[in-house]
Amino acid sequence: MVATLLGTSSMAQWREPDLHEDQIYDFSAGKMSMRIAAERGGRIISLKYDDTEILSQIKFPNMYGSTFWTSPQSEWNWPPVREHDAMPYEVEVKDDCIVMTSQLSQKLPLRIRKRFAKGEGECIIVTYTLINESDEPRKVAPWEITRVPSEGVITFDAPMETITPAGLMPFVEKDGIATYEIDHVEGQNRKINADGKGWLKYVNNGYELTKEFPDLDASQPAPGEAEIQIYVHQGKAYVELESQGAYTELKPGESLDWTVNWYLKPVAK
């Protein structure tokens with residue numbers, strides 16, 4: 001099924017969805033368009049401005065687009081929980097949004113819901129909901145993982161001393177803004193943690209992707225995790241832009257919402 005959301009001024013108007021076997025949904029805000037695959041874990045598989053793609057399109061080993069996990073990773077190790085990351089999501093097309101809901105994981109009894117809506121101007125709002133469907137309290141944090149090509153520049157608001165491990169990537173800081181021009185170290189995967197200020201930006205090929213999310217203080221991330229994480233895969237394959245929400249205890253039946261605003265635009269000249 002393909003549904004298209006068309007932005008006209010600040011309101012969204014729908015065209016009746018067409019039926020297709022692949023359950024892919026196109027969602028637009030101005031010249032910014034997002035493609036979401038319900039059959040592939042509700043994954044965002046494409047993000048374009050006009051015809052220019054900003055996300056990684058590497059299909060093997062499925063390191064493309066943008067996905068969502070629960071944090072901390074120590075609860076499930078690797079690979080990601082299939083019901084959350086790869087298996088089909090149920091879809092509900094509403095008046096002004098698309099809602100996708102995961103299957104319930106037996107390994108980790110949490111259900112994930114993703115809501116895609118149009119914000120003001122050229123903005124797509126993605127709200128993730130974590131639902132505790134176990135019979136006991138669980139502590140969990142939301143975690144968005146966005147894979148982009150292994151080139152370009154990443155920036156976020158954080159002093160150098162909050163970026164760990166120190167020296168792993170050649171960050172520079174100016175006026176509190178940390179900047180990383182993506183580099184490569186053959187045969188070495190690298191990942192940093194940082195205490196940011198609620199936004200993360202990636203610039204490549206003349207376009208700027210900005211993601212905004214709730215700011216955390218240093219005590220709020222899950223154990224061993226962080227508000228902002230950058231992962232660089234060896235061999236110039238892809239880079240992950242990662243952001244996390246607060247580590248929260250959910251009683252049986254309780255849920256938490258966490259929202260990320262996505263913006264994509266040409267770089268100002």
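**Salt bridges, cysteines and a core**

Guide: Let's start with Lys-191 and Glu-242, which form a salt bridge with their closest N and O atoms 3.1 Å apart. Keep in mind that this is a predicted model.

Visitor: Why is the pair of Lys-191 and Glu-242 called a salt bridge?
Guide: The closest N and O atoms are 3.1 Å apart, and the cut-off is 4 Å, so the pair qualifies. Lys-191 sits in strand 16 (residues 190–194) and Glu-242 in strand 20 (residues 239–244), so the bridge ties together parts that are 51 residues apart in sequence.

Visitor: Are those two buried or exposed, and how do you know?
Guide: Glu-242 has 1% relative accessibility; buried means under 20%, so Glu-242 counts as buried. Lys-191 is at 28%, which falls between 20% and 50%, so Lys-191 is partly exposed.

Visitor: What makes Glu-144 and Lys-211 a salt bridge?
Guide: Here the closest N and O atoms are 2.7 Å apart, and that is within 4 Å, so this pair gets the name too. Glu-144 belongs to strand 12 (residues 138–148) and Lys-211 to strand 18 (residues 207–212), so distant parts of the chain, 67 residues apart, are linked. Both Glu-144 and Lys-211 are buried.

Visitor: How many salt bridges are there in the structure?
Guide: There are 11. One of them joins the side chains of Arg-35 and Asp-26 at 2.5 Å, N to O. Arg-35 is partly exposed, with 36% relative accessibility. You'll also find Lys-201, Glu-208 and Lys-265 linked in a network of salt bridges.

Visitor: How do you know that Cys-97 and Cys-123 are not in a disulfide?
Guide: Their sulfurs are 14 Å apart, while a disulfide needs sulfur atoms within 2.5 Å, so that's too far for a bond. For each of the two, the other holds the closest cysteine sulfur. The structure holds zero disulfides.

Visitor: What makes Cys-97 and Cys-123 count as buried?
Guide: Cys-97 has 2% relative accessibility, and Cys-123 has 2% as well. The limit is under 20%, so both are buried.

Visitor: Which residues touch the most other members of the largest nonpolar core?
Guide: That core has 58 residues, and Met-34, Leu-47, Ile-154, Phe-156, Ile-230 and Trp-262 touch the most other members. Strand 22 (residues 255–266) supplies the largest share of this core, five residues. Leaving out residues up to four places away in sequence, Met-34 touches residues including Tyr-25, Phe-27, Leu-47, Phe-116 and Trp-262.

Key:
Residues numbered from 1 in each chain as written. Predicted model: local features only at pLDDT ≥ 70, side-chain atom pairs only at ≥ 80, totals over all residues. Heavy atoms only, no water. Core = buried A, V, L, I, M, F, W, Y, C linked by side-chain atoms within 4.5 Å. Buried < 20%, exposed > 50% of the residue type's maximum accessible area, 1.4 Å probe, protein only. Helix = DSSP H or I, 4+ residues; strand = E, 2+ residues; numbered from the N terminus. Contact = heavy atoms within 4.5 Å.
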